[in-house]
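Thank you all for making the time this morning.

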Amino acid sequence: MKKMIIQGGNRLSGEVTIGGAKNSTVALIPAAILADTPVQFDTVPDILDVHNLMIILESMNVKSSFKHGVLNIDPTQIMEAELPSKAIKSLRASYYFMGALLGRFHRATVTFPGGDNIGPRPIDQHLKAFKALGANVSESGGTVKMDAPNGLHGTRIFMDMVSVGATINAVLAAVRAQGTTIIENAAREPEIVDLATFLNNMGAKIRGVGTDTIRITGVDTLQSMNTHTIIADRIETGTYLSLAAAMGDGVMLNNVIPEHLEAYTSKLIDMGVDLQIDSDKIYVPKTDHLKPISVKTMPYPGFATDLQQPLTPLLSKAAGESTIVDTIYPKRVKHIPELQKMGMDIEAQDGRIVVRHTEKLHGADVKAGEIRAGASLMIAGLMADGETVIHDADHILRGYDRVVWKLNRLNANVRIEEE
């Protein structure tokens, strides 16, 4: 594992360009194996998850290359093979290979995925969708085996709960099934729209993405004609907005999609951050006086659960008590004891996170329990006096494109070392 070492207190200024969306990328790479031609993606974030997915592709004889934000994938010589359990277990989004392999070969064997431990994220909705499409599904010892000897057939799938992962997996499996599939109570996240745009450009027939009802008419072949440019990462954007508001003397964020962040930016404006929002960039001026707010996470287009932790250090600067209720992952609280070590007045009580004004944070040895907890500690480290050492920083590198380089260009003092 790696550790991130931050010398805190530097005021930040300059520009930062947001990378491609992690949560799109980790679905698009498995989706590429549905193609009958080579595929190219642009603005791919340079994060550990991408490299882990490339290892999984290699195990199936799918060649890939990644340079300067461009990822080439050639699935034309794909072979069925057991997927490498180490790469699978390090990466929760590897479960998208279930839907993609089922769509391509009508069978798949996948070990239960790993990734962030932020409370229960069961895959029962995924398996329910696969069964509805005609697959036999069995689970044993952390491994899921699926096969559809008679192929996959269009059906009506109702999601018992709004799930991004299950919606994506259902789309991946249904896109080459026979007949029409209707997914009801589907998730509406921009990353699902991005995935459908990629598939439709290859000849898929997917309608209704971005609403709660998706209709898919299966096709026999998918062929890539153009490079697919991945949408900007709204969670990375929100993270830099928070640190710019906390420690910035004027920071410009380029390559952003403001429409994807309205629930978040409206809260920053409520706090007193005078954001200047343009069509594809946001300027964050120096902000001195902040008001407390209440936040409740919800499925998109509500306030994203992935942004509650990056917002937390900024809330500690507000003059009063702020509250967060995470309705998506109530157990997403790993950052709280670590922030307390840095002097932040924060606690979790009765399903609410309470953040009170804290005059000064101090550097400490802390541990990143998962990606967004790590982002929260990173921002707190930039705000704190002295040196902060974030252990298990691989979590941060899993989700944030070239983060050390970007922060140091803004006048931060950050480096990565091996543990």
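Let me start with a question: is His335 buried or exposed, and at what relative accessibility? His335 counts as buried, because its relative accessibility is 0%, where buried means under 20% relative accessible area, exposed means over 50%, and partly exposed is whatever falls in between, with a 1.4 Å probe and protein chains only. His335 lies in helix α11, and, leaving aside its neighbours within four places in sequence, it is in contact with Gln308, Gln309, Thr312, Ile353, Ala373, Ser376 and Leu377, a contact being heavy atoms within 4.5 Å.

Before going further, a word on what we are looking at. This is a predicted model, in which local features need pLDDT of at least 70 and side-chain atom pairs count only at pLDDT 80 or more, while totals for chains, interfaces and linings use all residues. Residues are numbered from 1 along each chain as its sequence is written, and side-chain values use heavy atoms, with hydrogens and water left out.

Now the chain as a whole. The secondary structure comes to 14 helices and 23 strands, these being DSSP runs numbered from the N terminus, with helices as H or I of at least four residues and strands as E of at least two. For 419 residues a compact globule would have a radius of gyration near 22 Å, and the protein chain, at 21 Å, agrees with that; the radius is taken over C-alpha atoms, and the globule rule is 2.2 Å times the number of residues to the power 0.38. Along the principal axes, the C-alpha atoms fill a box of roughly 65 × 45 × 40 Å. Of the 419 residues, 56% count as buried, and among contacts between residues at least 6 apart in sequence, 72% join residues at least 24 apart. The accessible surface comes to about 16,100 Å², of which 47% belongs to carbon and sulfur atoms, using the Shrake-Rupley method with a 1.4 Å probe and, for residues, only the protein chains shown as cover.

Let me turn to the annotated positions. In the unreviewed UniProt entry, the annotation "binding site" covers Lys22 and Asn23; UniProt positions are given in the numbering used here, feature names are shortened, and annotations may be inferred rather than shown by experiment. Lys22 is found in helix α1, residues 22–31, and Asn23 lies in helix α1 as well. That helix is mostly covered, with 9 of its 10 residues buried. Lys22 is buried, with a relative accessible area of 8%, whereas Asn23, at 23% relative accessibility, counts as partly exposed. Not counting residues up to four places away in sequence, Lys22 touches Pro45, Ile47, Asp49, Asp233, Ile371, Arg372, Arg398 and Gly399, and Asn23, with neighbours within four places left aside, is in contact with Glu191, Asp306 and Arg372.

Next, the charged pairs. The structure holds 23 salt bridges, each defined as a side-chain nitrogen of Lys or Arg within 4 Å of a carboxyl oxygen of Asp or Glu. Glu338 counts as buried at 10% relative accessibility, whereas Lys341, at 42%, counts as partly exposed.

Two further bridges deserve a look. The side chains of Lys406 and Asp401 meet in a salt bridge at 2.9 Å, N to O, and both residues are buried. Arg415 and Glu417 also form a side-chain salt bridge, at 2.9 Å, N to O, with Arg415 partly exposed at 35% relative accessible area and Glu417 partly exposed at 30% relative accessibility. Salt bridges that share partners join Glu236, Asp401, Arg402 and Lys406 into one network.

Finally, the aromatic rings. The count comes to 3 aromatic pairs, where rings of Phe, Tyr and Trp (its six-membered ring) pair if their centres lie within 6.5 Å, and planes under 30 degrees apart count as stacked, over 60 as edge-to-face and the rest as tilted. Phe41 and Phe198 form a tilted pair, 5.0 Å centre to centre with 55° between the planes. Phe41 lies in strand β3 (residues 39–42) and Phe198 in helix α7 (residues 190–201), so the pair ties together parts that are 157 residues apart in sequence.
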